Amino acid sequence: MTNGIISFIGGGNMATSLIGGLIADGRDPASLYVSDVDTAKLEALADTFRIQTSSDNEEAVRLASAVVFAVKPQDMAAVVKGVAVPGKAHRPLFVSIAAGVREPDILRWLGYDAAIVRSMPNTPALVSSGATALYANPFVSDEQRNLAESVLRAVGLTLWVDDEGLLDAVTAVSGSGPAYYFLLMECMERAGIALGLSKDHARMLTIQTAFGAAKMALESSDPPATLRTRVTSPGGTTERALDTLMAGGMEHLVHEALHAAHGRSVELGMEFGRNGEADEEGD
Ligand SMILES: NC(=O)c1ccc[n+]([C@@H]2O[C@H](COP(=O)([O-])OP(=O)(O)OC[C@H]3O[C@@H](n4cnc5c(N)ncnc54)[C@H](OP(=O)(O)O)[C@@H]3O)[C@@H](O)[C@H]2O)c1
């Protein structure tokens, strides 16, 4: 089906950001459709964006060329199984943004050779600064790849991986990554206060410095290591601080932390798949 309608199943935080991003990019609100169990959320979305809404997930699938699964991972098995019949009849592209829910499980729950793009966005998508990796299964056409990419690009950077297993690495780097930077900000804020700054000043200086460093890294063609060397004068204050961080095992700790996140992502993928099997046994 190629009528250009994009449906969202689940009208929460991420769907709201994606819909806002698509409309800001010039997409006609009449081509967007959202279904959710919460009618108050649907009314708010219709008021804000003038899009079509419904509490009927099957209708959302019947109408669309592309359907975005934007429900919590633990709700995915029931939601996906609930739209398998109209999916098989109408053959839309399915795009999942549910963290940790694997393509083979979605395919099994749908029960036919469905075109599925699985993506791993991160929380800064909520402020149009997300980083999303996408994986397409073999049933996705080039046109459908472009459509899926355009949805996620509305809220930030996108890139493709050829191996779905790499989404666990993506989860460790960018999925969980915002929290690593928040932790560093918390530590810097507390250290600034200990050095005599007011809480407000320590926070403002920390956050603006994080933003400035990220902007420099984004806008420069040099890698972060070169930028770091450039701002580190021999015998200066920055060098003294960086020596302290490295002596304390910063590099090793970051390596360990990302490996731990990767391992948990693999475990969660297996758990979400098993949740669906438990439902199947109960069916
Ligand atoms: N938020 C992020 O920063 C972020 C980042 C990366 C990935 N993600 C992924 O994005 C997905 C959505 O996250 P979110 O933060 O947008 O969640 P959310 O705000 O909780 O939105 C999910 C919505 O789906 C609704 N829902 C539940 N069951 C449904 C059903 N059977 N049919 C239709 N709608 C149903 C929920 O209603 P109720 O609240 O009434 O249950 C809720 O309105 C998750 O899978 C998450 O892993 C989110």
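Guide: Helices (H or I, at least four residues) and strands (E, at least two) are DSSP runs, numbered from the N terminus. This is a predicted model, in which local features need pLDDT of at least 70, side-chain atom pairs count only at pLDDT 80 or more, and totals for chains, interfaces and linings use all residues. Residues are numbered from 1 along each chain as its sequence is written.

Visitor: Which residue just after H6 takes a positive phi?

Guide: Helix H6 covers residues 103–110. Just after H6, a positive phi of about 80° is taken by Gly 111.

Visitor: Where on helix H6 do its buried residues lie?

Guide: A residue is buried if 20 or more other C-beta atoms lie within 10 Å of its own, exposed if 12 or fewer, and partly exposed in between, with C-beta atoms placed from the backbone. In H6 the buried residues are Asp 105, Ile 106 and Trp 109. Seen down the axis of H6, they fall within an arc of 100° (taken over the directions from the helix axis to the C-beta atoms), so they line one face of the helix.

Visitor: Is Ala 217 buried or partly exposed?

Guide: Ala 217 lies in helix H10, residues 199–219. Because Ala 217 has 13 C-beta neighbours inside 10 Å, it counts as partly exposed.

Visitor: Which residues touch the most other members of the largest nonpolar core?

Guide: A nonpolar core is a set of buried Ala, Val, Leu, Ile, Met, Phe, Trp, Tyr and Cys residues joined through C-beta atoms within 7 Å. The largest one has 55 residues, and the members that touch the most others are Val 68 and Phe 69. The largest share of this core, 5 residues, comes from residues 13–24, which form helix H1.

Visitor: How far apart do the C-alpha centres of domain 1 and domain 2 lie?

Guide: Domain bounds come from an automatic or database domain assignment. That assignment gives domain 1 as 6–170 and domain 2 as 175–260. The distance between their C-alpha centres is 35 Å.
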